[in-house]
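Good morning, and thank you for joining this group meeting. I shall present one structure and ask you to keep it in view as I speak.

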Amino acid sequence: VFQGRILARRSVGQETRYEVEVKTPYRRRFPLVPREYVWVPNTCGCPPLREGGEYLLMARRHVNYEHTLNRILLQDDGYARLWTPREDRLVREAARQC
């Protein structure tokens, strides 16, 4: 779970790749660098992330069977909400309890 700003969007094959500036990591199960690529397994624009927007993203790390692909994947059922101070407060409170 992290707060990020969408810098760019690009369709690659049947997927969409977002370049994201990681602003605030809330819960880390894997390391994040200041700029990451977040992949969405479709090209329909779901979830609708616009360039320049700041979002609270809950994505997972995807490593394929051969261990040749390691990326951050935002699935269809993943969490992507426009970031607000209220979202920040809720996530910080939840992190204390988990």
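Let me begin with Leu-57. Setting aside neighbours within four places in sequence, Leu-57 is in contact with Val-1, Phe-2, Val-20, Leu-49, Leu-74, Tyr-79 and Ala-80. Please bear in mind that this is a predicted model.

Several of these names return when we turn to the nonpolar core. The largest nonpolar core has 15 residues, and those touching the most other members are Phe-2, Val-20, Leu-49, Leu-57 and Leu-74. At least two residues of this core come from each of strands E1, E2 (15-25), E3 (35-40) and E4 (54-58). Which strand gives the most to the core? That is E2, with 3 residues.

I move now to Gln-3, which sits in strand E1, spanning residues 2-12. Is Gln-3 buried or exposed? Gln-3 has a relative accessible area of 6%, and it is therefore buried, the cut-off being under 20%. Its side chain makes a polar contact with the side chain of Glu-54, at 2.7 Å. Not counting residues up to four places away in sequence, Gln-3 touches Glu-21, Val-22, Lys-23, Thr-24, Tyr-26, Glu-54, Tyr-55, Leu-56 and Trp-83.

Finally, the largest pocket. The space within this pocket comes to about 300 Å³. It is lined by 14 residues, of which Val-1, Phe-30, Met-58, Ala-59 and Arg-60 are the closest to its centre. By type, the lining comprises 7 nonpolar, 5 charged and 2 polar residues. Val-1, one of the residues closest to the pocket centre, is also among the contacts of Leu-57, where I began.

Key. Residues numbered from 1 in each chain as written. Predicted model: local features only at pLDDT ≥ 70, side-chain atom pairs only at ≥ 80, totals over all residues. Heavy atoms only, no water. Helix = DSSP H or I, 4+ residues; strand = E, 2+ residues; numbered from the N terminus. Buried < 20%, exposed > 50% of the residue type's maximum accessible area, 1.4 Å probe, protein only. Polar contact = N/O pair within 3.5 Å; in protein donor to acceptor, adjacent residues only side chain to side chain. Contact = heavy atoms within 4.5 Å. Core = buried A, V, L, I, M, F, W, Y, C linked by side-chain atoms within 4.5 Å. 1 Å grid on protein atoms, 1.4 Å probe; cavity = no way out; pocket = protein on both sides within 12 Å on 5 of 7 lines; lining within 4 Å. Points joined across faces, edges and corners; volume = space filled by probe spheres on them. Nonpolar A, V, L, I, M, F, W, Y, C, P; charged D, E, K, R; others polar.
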